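Here's a quick tour of how the parts of this model meet. Have the structure open as you read.

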Amino acid sequence: MNSRVAGGAPNGSGIGLRSPHVDEIGSTRPDVGWLEVHAENYMGGGPGIRALERIRRDHPVSIHGVGLSLGSAEGLDDRHLERLAALVERLEPALVSEHLSWSVTGGAYLNHLLPLPYTLEPLALVSRHVDRVQQRLGRQVLIENPSSYLRFTDSPIPGSDFLIALARRTGCGLLFDVNNVYVSCRNLGGDAAAYLDAVDPAAVGEIHLAGHAVNEADGHTVLIDDHGSRVTQAVWDLYGHALTRFGPVPTLIEWDTDVPALAVLLEEAARAAAMLRIAEREGGDVHAA
Amino acid sequence: MSTLRELQSGFRAAMLGGDAGAAAAAVQSDGLGVDARLAIYRHHVLTSLTTALEATFPVVVRLVDPRFFRYAADRFVREHPPTGPCLSEYGAALPDFLARFEPSRHLAYLPDVARLEWAMNVALHAPDAAPVPPEALREPAPLALHPSLTLLQSPWPIDTIWHASQPEAGDDTVDLDAGGVHLQIWRSTDDVVFRRLSAAAFAFHRALAHTACLDAAAQAALSIAPDADLPSLIRDLLADQALVHRPAP
């Protein structure tokens, strides 16, 4: 599951690079395929970005943006796009990704991947924004499906169709977050496997896996995509289904709250890597252990 | 039917504690109610931004008690949401907010402690810049202070308060009447540090920052202290690696 070509294509499974692990990864150079960072954590100077530049010599890096707000009706923040472009130029990442969501309105950044209604207006808007981002960066970006806790009354296009249309219009790839599909389908009713089957395998350039919390609200069970625990068995099962359909797509373990010891993330990444190897060897059905 | 812009504006109100009616009207009610669904998003917005502020202002958190800080931060976030997505750049307005915030106004030193923590945060994320080597001063060139450097004056001993509020500090009490400080906060290689300056050194640095000129800075220092030791002021700046060439405009 290892590839040691900085800037090369990511290979196998990777983990999100989180600040408590930076020193350990720099000194132990763990056997992990690649690392992903949030773009917005590295837009200043100082020791953070320098440590990342050192780590990048040992591991391919993927840049995952959370702040472009591709679905904002008021347009893209040009200054932020320029900062992202400068970071991409500096790190030459293997992959660049962002989200199908919005966070900015009236000049306020709400620090959440907020939902879009799936109608033609947002489809045209997000397509224009993805075009601009890809043009500015001079490369393809991957767009991630969000997790949802509500459905808009006027949202006639299924989420999978919206993403497929976006990929067709812009040539962007898809970052398929298996946990997000699972969480959304459990929260809103929907068939996760059918969602997955609707996606064009050729468009999928990366997979995300993460844990979620199970909460009770007013007598209803709500799954919260908090990236704060191990991947659940149901999501591993859905991941097996995804690999059967998509083939061995580079897969990332995300963990953002209550970040555990690095060894736990590496265990999760090893589990994904074992399934990826089956997908690569057999090119057929992959089942979670 | 509302436009996307109207929908997003309504969402902002719902997230930041304003009228949630416009957002709620656009959301389907099935099973779990609309308000509870919007509350999931609101909870994330407010708690994630509060967590970001806690990371930037850990000493303020300890000084006021973590629960009080979360209460104040919640109010701050609603009034002053971030204007950009880099959370390390969020919180510049918190010191002024704390100065106005009625429940903590009796802690007169608190805003300046917050200013110290903000300056340390700025220092950590500031761009890199190569320090001027001593021999380069033989040639006149426009100078600047390191981009990580902040000059901060306070009527309170905020550096002592900061040290006494570190987790490893003992139970020593701080004498709030010990007098004010002139501080220089900056990043030296990878470490954020601060130290006291004399009033003359503070004037020297401030004039240098404004004019880029050593002669003008010397005049400013001498106007505060006619016997100021100018060579040592320059030596200290060089030793702190805090002097850089002014970047081309």
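In chain B, 17 residues of domain 1 are in contact with 11 residues of domain 2, where contact means C-beta atoms, placed from the backbone, within 7 Å. On the domain 1 side, α4 (58–64) and α6 (94–100) of chain B each bring at least two residues; helices here are DSSP runs of H or I with at least four residues, and strands are E runs with at least two, numbered from the N terminus. That side of domain 1 of chain B has 11 nonpolar, 4 polar and 2 charged residues. The classes work like this: Ala, Val, Leu, Ile, Met, Phe, Trp, Tyr, Cys and Pro are nonpolar, Asp, Glu, Lys and Arg are charged, and the others, Gly among them, are polar.

Domain 1 of chain B covers 1–107 and domain 2 covers 110–249, with bounds from an automatic or database assignment. Their centres, over C-alpha atoms, sit 34 Å apart.

## About the model

This is a predicted model, with local features needing pLDDT of at least 70 and side-chain atom pairs pLDDT 80 or more, while totals for chains, interfaces and linings use all residues. Residues count from 1 along each chain as its sequence is written, and chains are lettered from A and ligands numbered from 1 in the order written.

## Where the chains meet

Chain B puts 38 residues into the contact, and chain A puts in 38 residues. Helices α1 (4–15), α3 (34–56) and α7 (110–125) of chain B each supply at least two residues of chain B's side.

Methods:
Contact = placed C-beta atoms within 7 Å.
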